[in-house]
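Thanks for coming, everyone. I'd like to walk you through one structure this morning, so let me put it up on the screen.

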Amino acid sequence: MTAYLIRNVRVLDGEPTDLLIRDGVVAGAGAGLTADDATVLDATGLVALPGLVDLHTHLREPGREDAETVESGSRAAALGGYTAVCAMANTSPVADTAGVVEQVWRLGREAGLVDVQPIGAVTVGLAGERLAELGAMADSAARVRIFSDDGHCVADPRLMRRALEYVKAFDGVIAQHAEEPRLTEGAQMHEGEVSTRLGLTGWPAVAEEAIIARDVLLAEHVGSRLHVCHVSTAGSVEVLRQAKARGVRVTAEVTPHHLLLTDDRAETYDPVFKVNPPLRTAADVAALRAALAEGVIDIIATDHAPHAVEDKECEWAYARPGMLGLETALSIALDVFGPRWDLIAERMSRTPARIAGLTGHGLDPAPGVPANLTLVDPAARRVIEPAELASRSRNTPYARMTLPGRIVATFLRGEPTVLDGKAVK
Ligand SMILES: NC(=O)N[C@@H](CC(=O)O)C(=O)O
Ligand SMILES: [Zn+2]
Ligand SMILES: [Zn+2]
């Protein structure tokens, strides 16, 4: 195994120093390190962060390998600075058995670019009727701890209660896609001024907020852990704030696109901007940014949702919802928050690792810790070209935008997965 001596790197906000990576761990830190056997990387001007951890990734395998595979999604993740991703269960077949989650976990190991931690479905076939075999998925080689019907809401309150009760035994967590289905029938975008003008059926904020309010009460009643996926409204932030103040065991995520983009993008009728939950208003974006900075929202998660061309380049009403995120998330965070490295590490690495129970991830580079880290060039700017992305899909909402920051290198347990801005394999 090659050793690496990373010279002149700033660890988060620290002064430039050297990091020695050997045998999978950070073997040393301090200015002026030497190691005859090590490959030297000049990291002047670069910042080292703990490898990013994505709690919400759609890898599409099994079933839609034309849109993404575990391998292509893992490569996109590594290029985005990630060392671990949690793979959502809405595949075909659905990841609702020990067999399917073990298959995804094994494919992740074989690709070897990031740690792929499968998420299990809450209900059989995501149908919302009966609980999937949560215990068998937890006991499997994939050791599933997060369960989600993402793409669908666990709308039945009795089923949600039972799921929360079930996972309590092994400190699992239910990640809810908060969408009251009766309030979003036929919805195409955020319900508001723009939807009225365009004549498109709206997805009202209350459809999200009502489910979050119900679920924090259920989680409080059961004493279980709830995680709220892709929070998108100012009202949801207030529900979360109150629940956290009462001590409810709830965590929440926001996506990069909900931190940057607003519902007026629908005026283009370009389905690349169609997503669930929908892009909201500028006031929502402001509330989400403040909540993330404050910690009412715990993490940024990408909701990386690759879709094949035929599912995206069609009429708005027929297009599938979702957009790419892994290769641009850090740049969006930098754009929105500036170089607040401790905040970025907390919201994109340490806290998501803790929620997912990924003990080898989310640790700042320091002697003795597993060498899961990424090197960022904060001064670089790049133009996003969809054709250049490693994802098999092209549905990035940032096409031809100039974004700050570039991932120069990523290490997974001491092995480079990205060097010089390029995937190693
Ligand atoms: N976010 C989306 O619009 N789509 C996701 C599902 C989901 O996250 O709800 C997908 O699987 O494509
Ligand atoms: Zn969802
Ligand atoms: Zn999703």
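Let's start with contacts along the chain: counting pairs of residues at least 6 apart in sequence, 74% of the contacts join residues at least 24 apart. Please keep in mind that what you see is a predicted model.

Now the overall build. The secondary structure comes to 12 helices and 19 strands. Along the principal axes, the C-alpha atoms fill a box of roughly 65 × 45 × 45 Å. How does the radius of gyration fit with a compact globule? For 425 residues, such a globule would have a value near 22 Å, and the chain has 21 Å, so the two agree. Of those 425 residues, 56% are buried.

On to the inside. The largest nonpolar core has 134 residues, and Ile119, Phe147 and Leu288 have the most contacts within it. Where do the residues of this core come from? At least three come from each of domain 1, which is 3-48 plus 367-423, and domain 2, which is 50-356.

Leaving aside residues up to four places away in sequence, Phe147 touches Ile119, Gly120, Ala121, Val122, Leu134, Ala163, Val167, Gly172 and Ile174.

Finally, the part with the ligand. Which residues are around ligand 1? They are His58, Asn90, Asp150, Gly151, His177, Val275, Asn276, Asp303, Ala305, Arg320, Pro321 and Gly322. By class, that shell has 6 polar, 3 charged and 3 nonpolar residues.

How values were computed:
Residues numbered from 1 in each chain as written. Chains lettered and ligands numbered in written order. Predicted model: local features only at pLDDT ≥ 70, side-chain atom pairs only at ≥ 80, totals over all residues. Core = buried A, V, L, I, M, F, W, Y, C linked by C-beta atoms within 7 Å. Buried ≥ 20, exposed ≤ 12 C-beta atoms within 10 Å, placed from the backbone. Domains from an automatic or database assignment. Contact = placed C-beta atoms within 7 Å. Near = placed C-beta within 6 Å. Nonpolar A, V, L, I, M, F, W, Y, C, P; charged D, E, K, R; others polar. Helix = DSSP H or I, 4+ residues; strand = E, 2+ residues; numbered from the N terminus. Rg over C-alpha atoms; globule rule 2.2 N^0.38 Å.
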